[in-house]
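Hi,

Here is the structure I promised to pass on. Have a look at it first, and then read my notes below.

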Amino acid sequence: MQTLSTSSWLTKLEQQIFTINQKQATGELVLGNKTTQWRLCFFLGQLIYSVEETHRVRRWQRALKRHCPNWKVENRPVSNHEIWECQLLHYGMAKGELTAAQVKAVVREITEEVVLSITRLGTGNGYWRSCEYQEPKIPFYLTLCPLEVKKIFHQSQNIYQQWRETGLSYLDPQLAPVLTKSASNPAGCSADTFLNLTALFNGRYTMWDISLKTKQPIARVAKLVHYFYKQGVVELENLPDVTPPPLPTQFVDSQDKNQPVIACVDDSPLVGKYLKELLTPLGYRVLYIQDPIEAVAKLTKYKPDLLFLDIVMPKTDGYNLCSFLRKSTPFSNTPVVMLTSWDGVINRVRAKLVGADDFLAKPFETEQVLQLVKKYVAVEADEF
């Protein structure tokens, strides 16, 4: 196979990601070389997470320290075979310990690190692996769209190009600089500067770690390491990864029939997936129905305590379905929340006329959903 230049195969990779988005595919784009493998994980065509097993936990911990420094979870082992990072982020959001902005910042930063690694070490080789994630646990509006991914790839390519032009391409940011045993105070360094170097270049911190600690861009840290490496003052060492972080026990998907049932009738699987990810850990059973024609039979079977109903759907619309349900005795008092991308006075008034109790405009915030659930349904064991 002909070897592609870095820019050529990155362009090819961007095209693959665009195709995945167009097909709304769920699975992993697996890339790799002889020593490293990367996984770009997609749900319905949107990038939900990026994985590189080398320093996977260190990378996760750095992102948390930067964007969620006060967030703590109990110590419990997790499986490396699932995207446990997404499970933990969702848990923090569902409990109100993390904001949506924090979660997306963590996902974006980890993706930026992984993509830079792909740019430095990768090739054009890769394959698609379809899979159904058991618990990706990232709401759809926190995923990275193709334009965001493209921006990250271009940013990574620019960084790597600058590194090549300045002779830094040999440096792996995952290596840890350590002062040589014979190192003395280098020429041009003050005593304070040398003490700082001693504290940082001790073999315990990778260049990425030092970037976080000093609040300096990785490129600036790389230039500093390069300068002292060429002087023979530091050596570069590999560090092992650390123990995986905890997974909350609340992610057990209980099938207790006494749990309140929340139903969602919406032709978009993203909305149904989002509600399930958000509400299941809080003690609710979520029933998602994509086809409005099948809705009545399923709703009759499960008798939901709350119904989220989309207005614009094929075959029928939410107004007609809500009006029909209100004329049916089992659903005459079931709380109904209408969903729509078209917010306006007319839509709200019409929703009220057909018997809807509330109205929620898309895209909606997690806090809005939780407040509506708290308003109409209560789970005694859980506090929002």
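One term before the rest: a residue is called buried under 20% relative accessible area, exposed over 50%, and partly exposed in between. Val 349 has 44% relative accessibility, so Val 349 counts as partly exposed. Please keep in mind that this is a predicted model.

Staying with Val 349 for a moment, you'll find this residue in helix H12, which covers residues 345-353.

Now for the charged side chains. The structure holds 17 salt bridges, and some of them join up: Glu 28, Arg 39, Glu 53, Arg 56, Glu 85 and Arg 129 are linked in a network. One of its partners is Glu 53, with the closest N and O atoms 2.9 Å apart. Glu 53 is partly exposed, at 41% relative accessibility, whereas Arg 56 is buried, at 4%. Glu 85 also forms a salt bridge with Arg 56, and here the closest N and O atoms are 2.7 Å apart. That pair links distant parts of the chain, since Glu 85 belongs to helix H3 (residues 84-94) and Arg 56 to helix H2 (residues 56-67), 29 residues apart. Both Glu 85 and Arg 56 are buried.

Another salt bridge to look up is the one between Arg 120 and Asp 172, where the closest N and O atoms are 3.7 Å apart. Arg 120 sits in helix H4 (residues 100-121) and Asp 172 in the loop between H5 and E5, so this pair ties together parts that are 52 residues apart in sequence. Arg 120 is buried, with a relative accessible area of 14%, and Asp 172 is buried too, at 18%.

That loop brings me to Leu 171, which lies between helix H5 (146-165) and strand E5 (176-179). Is Leu 171 buried or exposed? Leu 171 has a relative accessible area of 0%, so the residue is buried. Apart from neighbours within four places in sequence, Leu 171 is in contact with Arg 120, Trp 163, Met 207, Ala 222, Val 225, His 226 and Leu 236. Take His 226 from that list: Leu 171 and His 226 are 55 residues apart in sequence, yet their C-alpha atoms are 7.8 Å apart in space.

Cheers

Terms used
Residues numbered from 1 in each chain as written. Predicted model: local features only at pLDDT ≥ 70, side-chain atom pairs only at ≥ 80, totals over all residues. Heavy atoms only, no water. Helix = DSSP H or I, 4+ residues; strand = E, 2+ residues; numbered from the N terminus. Buried < 20%, exposed > 50% of the residue type's maximum accessible area, 1.4 Å probe, protein only. Contact = heavy atoms within 4.5 Å. Salt bridge = Lys/Arg side-chain N within 4 Å of Asp/Glu carboxyl O.
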